[in-house]
Amino acid sequence: MWMGKTDMSFLTWLGIILIFHFYYLFYLSIAQPNFAFQSPCEGNETEYSPNGAYGTNLNTVLSSLSRNIDSDGFYNTSIGQDPDKVSVIAQCRGDVDLQTCRDCIKNATRLILELCPQKKSAFGIYDKCLIRYSNESFIGTVSTDPQKIYYYNQNFSNPQLFFNRYLTPVLENLRSRASEGGKRKFAANITNAPDFARIYVLVQCTADLSADDCFNCLTTGYQTLPSCECYAKRGNYYLMPSCIIRYEPYSFFNESFAEAPPSPPPASLPLPPPASPPLPQPEERKLLCKLLL
């Protein structure tokens, strides 16, 4: 059966449209970073009406969020009056440039509304930025709950040696640097580890915290690690609303921000007994736990 020129033109244009459609979907799949963590919108029963005062305030502040990010990659504000007052924080990882930061925040404002529709409180974090908003005042207050931990499911041959001799001194050094590190409250490092490995370590607090509050937030995370199933894994991503702790066996940040860590103590020093975590399932990276208190 022969087709006329009109049919051929239609099929040609249809093919072009489909090609561009699939290309666009592919672009989105590689260009949009994943939300690593969304909470407390999960299980949050407090909702707002899209046409109400809270929804209007939220849309107003989110629509200009990326433009208001400052040169340190941070912005916080409150808008409206109780009970429709919205408090919001937006922050980027301390090693990203301003344009990358604003692009990340722009994507995050869109996605957080999709993942937490009509929720008065939500917290979402990309690889390079985070957004948090609530009808409750939280700016300048430490929030360590809820918590999530993702880890790289490979062990060192001697986890106790890695955690005590190599990782702990680096984390303690980064905690001091981040809490005293000005507005970005960010610190990163690269350290050698057993089994000829290198570990890339990063910590950061939200910029609204005081130095003491940042120190205490990171301490909360540090104290949890020895009793966690993620104990001494080759990689770990510990997420809390006010601070993050992350280390990986691969480079994931701008290495020009790294600083030499303190030398590890001699191997002859006694090491405290490690926790005895259960063995995880054989996955490359596994969601460990969600602590909703």
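The following questions and answers concern a predicted model.

Student: Why is Gln-118 called partly exposed?

Tutor: The relative accessible area of Gln-118 is 34%. Buried means under 20% and exposed over 50%, with partly exposed in between, so Gln-118 is called partly exposed.

Student: What is the phi of Gln-118, and where does this residue lie?

Tutor: Phi of Gln-118 is near 60°, a positive value in a residue other than glycine. Gln-118 lies in the loop between α4 (98-115) and β4 (122-125). Lys-185 also is not a glycine and has a positive phi, of about 45°; its place is the loop between α5 and β7.

Student: How do you know that the buried residues of α2 line one face of the helix?

Tutor: The buried residues of α2 (53-63) are Tyr-54, Gly-55, Asn-57, Leu-58, Val-61 and Leu-62. Seen down the axis of α2, these residues fall within an arc of 165°, so they line one face.

Student: What covers the buried residues of α2?

Tutor: The cover includes α3 (65-68), β2, β3, α4 and β5.

Student: What makes a set of residues a nonpolar core?

Tutor: Its members are buried residues of types such as Val, Leu and Phe, joined through side-chain atoms within 4.5 Å. The largest nonpolar core here has 34 residues, and Phe-162, Leu-171, Val-201, Val-203 and Leu-218 touch the most other members.

Student: Which elements supply at least two residues of this core?

Tutor: They are β6 (147-155), α5 (159-179), β7 (186-193), β8 (197-205), α6 (211-224) and β10 (243-248). Helix α5 gives the most, with nine residues.

Student: Which residues is Leu-218 in contact with, leaving aside its neighbours within four places in sequence?

Tutor: Leu-218 is in contact with Arg-175, Ala-178, Val-203, Gln-204, Cys-205, Cys-243, Ile-244 and Ile-245.

Student: How many residues does the second, separate core have?

Tutor: The second core has 24 residues, among them Tyr-54, Val-86, Cys-104 and Cys-129. Tyr-54 is also one of the buried residues of α2.

Student: Which residues does a cis peptide bond with omega about 5° join?

Tutor: That bond joins Asp-82 and Pro-83, and Pro-83 is in the loop between β2 (74-79) and β3 (86-92). The peptide bond from Asp-145 to Pro-146 is cis too, with omega near 0°. Pro-146 is found in the loop between β5 (129-134) and β6.

Terms used: Residues numbered from 1 in each chain as written. Predicted model: local features only at pLDDT ≥ 70, side-chain atom pairs only at ≥ 80, totals over all residues. Heavy atoms only, no water. Buried < 20%, exposed > 50% of the residue type's maximum accessible area, 1.4 Å probe, protein only. Helix = DSSP H or I, 4+ residues; strand = E, 2+ residues; numbered from the N terminus. Contact = heavy atoms within 4.5 Å. Arc of directions from axis to C-beta.
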